[in-house]
Amino acid sequence: MILIDSISTFGEYLLLMKRVMSRPERWRIFFRQMLHEMFQLGVNSIPIVLLISFFIGAVICIQLKLNIESPWMPKMVVGYSTREILILEFSSSIMCLILAGKVGSNITSEIGTMRVTQQIDALEIMGVNSASFLILPKISALISMIPILVIFSIAAGTAGAFAIGKFTGIMTPEDLTIGLQYEFNQWFIWCSVIKSVAFAFIITSVSSFYGYRVTGGSLEVGKASTNAVVSCSALILFADMILTQLLMQ
Amino acid sequence: MIEISSIYKKFESQVVLNDISAVFENGKTNLIIGMSGAGKTVLLKCIVGLLTPDNGKVIYDGRNIITLGKKERHLMRREIGMLFQNAALFDSMSVLENVMFPLDMFSDMTYKERLERARFCLDRVNLIDAQEKYPDELSGGMQKRAAIARAIALEPKYLFCDEPNSGLDPQTSLIIDELIHDITKEYNITTVVNTHDMNSVMGIGDHILFLANGKLAWEGNKDNILNSNNETLNDFLFSSDLVRKVKEMGGK
């Protein structure tokens with residue numbers, strides 16, 4: 001029964017995506033909405049991304065210093081490991097999990113409220129493809145903003161590691177710099193960006209799907225928001241596993 | 001003109017609409033009345049194409065909306081204006097932007113022309129002073145008027161109103177009713193109003209359908225509704241003391 005429900009839900013999701021991926025009725029309005037969403041979903045997320053990444057960068061640095069310190073271990077290992085963790089996992093996957101909570105619930109509640117207050121019906125009556133009109137600008141906006149958020153996150157995490165080294169004295173900025181520069185592989189940055197683009201699609205499309213199919217009232221909108229965040233998180237982790245295998249081979 | 005024939009709709013095992021046929025003419029305010037749960041909203045949704053009936057036809061001036069292709073149906077919907085029960089204005093837009101929205105989407109007018117048309121529509125519903133306000137800053141009646149302005153912006157051929165008076169005081173209800181009636185006559189459009197407000201029935205009911213338990217129980221107009229012999233209709237009508245007294249006074 002659960003399997004049949006899951007397949008049915010996935011089918012509904014694909015049908016919705018088919019409607020979403022259609023040519024916008026008016027490009028001018030589409031770009032206006034996309035700009036608005038880039039600000040709402042992207043620019044408004046910059047403070048939380050910077051804040052969380054800064055502290056996580058610092059915490060990673062402390063943990064590595066405390067747990068792998070050994071006379072046999074070169075000092076630059078802390079910087080090297082901090083960089084790899086930030087680039088390969090934190091700034092793409094974990095940051096997108098955080099964004100699934102912030103952006104995903106926002107999208108579901110916005111579209112869900114439009115559904116229960118008949119605003120979506122009003123669009124349909126006018127002859128507007130409501131799925132494409134509401135969801136496509138959100139998907140395009142987050143996909144175009146996510147690489148910037150990833151870069152900001154990597155930068156803020158690195159700054160956090162530097163700050164903790166400088167202000168607590170657990171390691172010198174020079175050792176950290178050597179580690180951060182050691183055998184730097186540019187492809188890892190691309191991996192991070194590619195993964196985050198896929199996660200951005202998951203966050204926006206899945207949360208929009210949950211919002212779009214809400215029936216009932218405010219209670220159902222709340223439940224849909226929770227379900228959207230849970231589903232996005234699970235799907236991000238699942239996609240992370242597959243993408244990591246594909247990209248890092 | 002809209003013609004519906006043999007509309008049948010059920011949800012799971014419950015039959016909500018059973019063999020409903022009627023003709024809604026141009027320039028007339030057609031009312032669908034009935035008790036809560038009688039199937040009024042489902043019928044209206046079937047007519048506008050938000051729901052697909054299990055059986056029957058909905059013909060808009062020779063075009064059956066049920067069998068139309070997706071593209072044609074989308075194009076046809078641009079000829080439809082609709083006023084929802086809770087107005088359904090877009091929260092993120094001001095009143096002026098709400099009224100301009102259908103023009104932005106579907107007209108080839110210049111910005112100046114669209115602005116002029118939107119202001120004309122707002123002026124028509126006496127809401128020009130509130131054009132910069134957002135929906136949550138408006139009263140219920142003002143929201144309904146803004147929604148009417150949005151519905152008529154593209155000069156529709158068909159206007160649908162789902163319980164336009166719900167949540168409004170009698171005086172505001174009267175203003176909304178008059179507005180709907182005047183617009184219907186002014187543009188010679190086909191208007192279908194779903195209501196259970198007796199003031200609307202007696203005020204603007206050029207053509208009335210009474211639904212009971214998903215069936216068309218009575219059809220007529222405001223002039224003959226009080227003299228009907230239909231028992232279910234009379235139970236519905238005379239549950240209101242006011243209407244009972246009006247009948248006792250000979251309909252005056």
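A:Glu124 and B:Arg77 join their side chains in a salt bridge, at 3.6 Å from N to O. The model is predicted, and between chain B and chain A it has a count of three salt bridges. The two chains bury about 2000 Å² between them.

**Interface between chain B and chain A**

- The contact draws 25 residues from chain B and 21 residues from chain A.
- Of the area buried between chain B and chain A, about 2000 Å², 58% is on carbon and sulfur atoms.
- Six residue pairs are in polar contact between chain B and chain A, counting pairs with both residues at pLDDT 80 or more.
- On the side of chain B that touches chain A, two or more residues each come from helix 1 (40-48), helix 2 (70-77), strand 6 (80-83) and helix 3 (95-106) of chain B.
- Helix 3 of chain B gives the largest share of that side, with five residues.

**Nonpolar patch on chain A**

- A nonpolar patch on the surface is formed by A:Leu50, A:Ile148, A:Ile151 and A:Phe152, which together have about 300 Å² of accessible area.
- Helix 6 of chain A, residues 130-168, supplies the largest share of the patch, three residues.
- A:Ile151 is one of the patch residues and lies in helix 6 of chain A.
- A:Ile151 has a relative accessible area of 42%, so it counts as partly exposed.

**A:Glu84**

- A:Glu84 is placed in helix 4 of chain A, which runs over residues 77-116.
- Apart from neighbours within four places in sequence, A:Glu84 is in contact with A:Glu89 and A:Phe188.

**B:Thr29**

- B:Thr29 sits in strand 3 of chain B, residues 29-34.
- Leaving out neighbours within four places in sequence, the contacts of B:Thr29 include B:Ile180, B:His181, B:Thr184, B:Thr191 and B:Val193.
- B:Ile204, B:Gly205, B:Asp206 and B:His207 are also among the residues in contact with B:Thr29.
- From B:Thr29 to B:Leu44 the separation is 15 residues in sequence and 14 Å in space, C-alpha to C-alpha.

Technical notes: Residues numbered from 1 in each chain as written. Chains lettered and ligands numbered in written order. Predicted model: local features only at pLDDT ≥ 70, side-chain atom pairs only at ≥ 80, totals over all residues. Heavy atoms only, no water. Patch = residues over 30% accessible without salt bridge, like charges linked within 9 Å, V, L, I, M, F, W, Y side chains within 5 Å. Areas by Shrake-Rupley, 256 points an atom, 1.4 Å probe, with all protein chains shown as cover. Salt bridge = Lys/Arg side-chain N within 4 Å of Asp/Glu carboxyl O. Helix = DSSP H or I, 4+ residues; strand = E, 2+ residues; numbered from the N terminus. Buried < 20%, exposed > 50% of the residue type's maximum accessible area, 1.4 Å probe, protein only. Contact = heavy atoms within 4.5 Å. Buried area = accessible area lost by both parts, 1.4 Å probe. Polar contact = N/O pair within 3.5 Å; in protein donor to acceptor, adjacent residues only side chain to side chain.
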